[in-house]
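Here is a short note to read beside the model. Take the points in order, and keep the view open as you go.

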Amino acid sequence: MVDYYNDEEELDSVEDDDDRSFRGRDSEEDTEDASETDLAKHDEDDYVEIKEQMYQDKLASLKRQLLQLQEGTLQEYQKRMKKLDQQYKERLRNADLFLQLETEQVERNYIKEKKAAVKEFDDKKVELKENLIAELEEKKKMIENEKLTMELTGDSMELNYLLTDEQIMEDLRTLNKLKSPKRPGMSILVSPSSPEHVPSVPIESPTQRYEARIEEGKLYYDKRWYHKSQAIYLESKDNTKISCVISSVGTNEIWVRKTSDSTKMRIYLGQLQRGAFVIRRRSAA
């Protein structure tokens, strides 16, 4: 009996030990789970704290850069400003070079144009002088020829020094074309203001005055009107009769064109009024 009970006690003791051992293992597992949970929570708090710290660091860095930018000490700002300044100076240098080149080109063009203007002026001056000399020489030669012809042939000629030199020369040329052999009863009239005395020869004294005037581009002569392109006969004192056409009507003269050779003659109102020339109408056909 005693042994039986001892065995039962030993069995109960073994079961109690097993129960304590099992509960101990459960307690250890629970402790391990709790430790892992705390560690995870601690890691998450650390991450949030680190993230917050990084944000604050970045914010502080940006504020610091902004302050440096405002003060002009930011390195990146200085670097870019240096590059921008170089570009600005390079552009100014190119502009100065362009201005210099353009100025030189304008100066060259100015000098070229000035030389051309001076040369043209000199050429025109020489040409004008030569033309005037030739014209004066021609007038001188014509006067000398007319004087010589007058002295040799005694042609009809009336010198009116109230006319201009140009009118006198035109009269001389016209009379030279219309000159005819000497006729009796004629004499040369020399104005008292004449620089020299021409030997007197007989000349016909004008006995008739004609009414002649120009109005609105038309000639009124001997109670008739004459206009441009009108066919006429032009008669001189020696009864020379020329077929002409009025080519133009000026303010104090008319121009006529010979139908025979198309040469032109200028007739002044004074010549028509004193009868040096007489105009007659003719048929255009």
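1. Start with one term. A residue is called exposed when its relative accessible area is over 50%, buried when that area is under 20%, and partly exposed in between. Lys119 has 55% relative accessibility, so Lys119 counts as exposed. Keep these cut-offs in mind for the points below.

2. Next, the overall picture. This is a predicted model. The protein has four helices and eight strands. Along the sequence, their order is α-α-α-β-β-β-β-β-β-β-α-β.

3. Now the surface and the interior. The protein exposes about 22,100 Å². Carbon and sulfur atoms supply 53% of that area. Of the 285 residues, 20% count as buried.

4. How many salt bridges does the protein have? The count comes to seven.

5. Lys119 is exposed, whereas Asp123, at 40% relative accessible area, is partly exposed.

6. Helix H2 covers residues 75–153 and also holds Arg93 and Glu90. These two form a salt bridge, and their closest N and O atoms are 2.9 Å apart. Arg93 and Glu90 are three residues apart in the helix, so about one helical turn separates them. Arg93 is partly exposed at 44% relative accessibility. Glu90 is partly exposed too, with 37%.

7. Glu211 has a relative accessible area of 42%, so Glu211 is partly exposed. Arg213, at 29%, is partly exposed as well. The network joins Glu211, Arg213 and Glu215.

8. Finish with Arg266. This residue sits in strand S7, which spans residues 264–268. Is Arg266 buried or exposed? Its relative accessible area is 11%, so Arg266 is buried. The side chain of Arg266 also makes a polar contact of 3.1 Å with the side chain of Tyr268.

Key: Residues numbered from 1 in each chain as written. Predicted model: local features only at pLDDT ≥ 70, side-chain atom pairs only at ≥ 80, totals over all residues. Heavy atoms only, no water. Helix = DSSP H or I, 4+ residues; strand = E, 2+ residues; numbered from the N terminus. Buried < 20%, exposed > 50% of the residue type's maximum accessible area, 1.4 Å probe, protein only. Polar contact = N/O pair within 3.5 Å; in protein donor to acceptor, adjacent residues only side chain to side chain. Areas by Shrake-Rupley, 256 points an atom, 1.4 Å probe, with all protein chains shown as cover. Salt bridge = Lys/Arg side-chain N within 4 Å of Asp/Glu carboxyl O.
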